[in-house]
Amino acid sequence: MLKVHHLNESRSQRILWLLEELGLDYEIVRYQRDPKTRLAPPELKAVHPLGKSPVVEDDGRVLAESGAIVETLIRRHGKGRLSPAPEDQDAYTHWLHFAEGSAMLPIMQLLYVQRLGEAGSPLRPRIDSELKNHLGYLEGALQGREYLVGATLTGADIQNSFVLESAKAFRLLGEYPNLTAYLDRLHARPAYQRAVEKGGPYALGR
Ligand SMILES: N[C@@H](CCC(=O)N[C@@H](CS)C(=O)NCC(=O)O)C(=O)O
């Protein structure tokens, strides 16, 4: 059976959601962040050298990096579900990579710079402008659309959900009505809600 190494309040939540959308059986191995440092416990390094979440074991094969996990699990188990139509394949690949390859960078920079307090303020203008750049790009892409690619949910939406949840946690979504409505739509899905029930408390999902 598939095994998800799940860290609380983390990117692995979207893998639980993916598996719920696909209706697959899976086991959750749970890890808790250190309450002070927010880091994963060292046991995760025994599963994968980076010691980060998500990690998935599928038929004895260890998968890490959430975009790769989303792509691999859909290819192996999706039977066509959550995949793009052939003509949308390039857009799908773009959005799948955009989440971790581009959009998460200014969000992580904001996270770290906020911890510096005043000392971080010289970096803020550049971070703020990159946040606007990436969120504005997503906002435009969702104009008049329910999903990022095609007319139905794909892995690209699941992968980008964590970007928007993190942005919302920093109260960055106020000026983006398309992103706000899109995230609400994703959160309303029964499979999303089942994943949150199974994953445990997930403040980012609110
Ligand atoms: N790009 C990686 C990022 C993995 C990552 O940084 N995961 C975070 C959780 S959201 C983590 O494990 N943090 C705990 C730590 O670094 O100790 C992915 O998408 O899987």
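**Figure 1. Packing of helix α7 in the predicted model.** The buried residues of α7 pack against α1 (12-22), α5 (124-141), α6 (155-169) and α8 (190-199). Contact means heavy atoms within 4.5 Å. Helix α7 itself covers residues 177-187. Its buried residues are Asn-178, Leu-179, Tyr-182, Leu-183, Leu-186 and His-187. They lie on the same side of α7, because they cover an arc of only 160° around the axis. The arc is that of the directions from the helix axis to the C-beta atoms. Buried means under 20% relative accessible area, exposed over 50%, and partly exposed in between (1.4 Å probe, protein chains only). This is a predicted model: local features need pLDDT of at least 70, side-chain atom pairs count only at pLDDT 80 or more, and totals for chains, interfaces and linings use all residues. Residues are numbered from 1 along each chain as its sequence is written, and side-chain values use heavy atoms, with hydrogens and water left out.

**Figure 2. The two sides of helix α8.** Ala-191, Tyr-192, Ala-195 and Gly-199 are the buried residues of α8. Their arc around the axis is only 105°, so they sit on the same side of α8. Pro-190 and Glu-197 are exposed on the other side of α8. The buried residues of α8 pack against two strands, β1 (2-7) and β2 (26-31), and against α1, α6 and α7. Just after α8, Gly-200 takes a positive phi of about 95°.

Figure 3. Ser-53 is in the loop between α2 (44-47) and β3 (55-58). Is Ser-53 buried or exposed? Ser-53 counts as buried, because its relative accessibility is 12%. Leaving aside residues up to four places away in sequence, Ser-53 touches His-5, His-6, Leu-7, Ser-10, Arg-11, Ser-12 and Leu-44. Gly-174 lies 121 residues from Ser-53 along the chain. The C-alpha atoms of these two residues are separated by 29 Å.

**Figure 4. Arg-76 on helix α3.** Arg-76 is in helix α3, residues 66-77. With 30% relative accessibility, Arg-76 counts as partly exposed. Arg-76 touches Asp-58, Arg-61 and Leu-63, not counting residues up to four places away in sequence. Gly-60 is 16 residues from Arg-76 in sequence. In space, Arg-76 and Gly-60 are 14 Å apart, C-alpha to C-alpha.

**Figure 5. The whole chain, for orientation.** The chain has eight helices and four strands. Helices (H or I, at least four residues) and strands (E, at least two) are DSSP runs, numbered from the N terminus. From the N terminus on, the order is β-α-β-α-β-β-α-α-α-α-α-α. The C-alpha trace spans about 50 × 45 × 25 Å along its principal axes. Of the 206 residues, 47% are buried. Among contacts between residues at least 6 apart in sequence, 68% join residues at least 24 apart.
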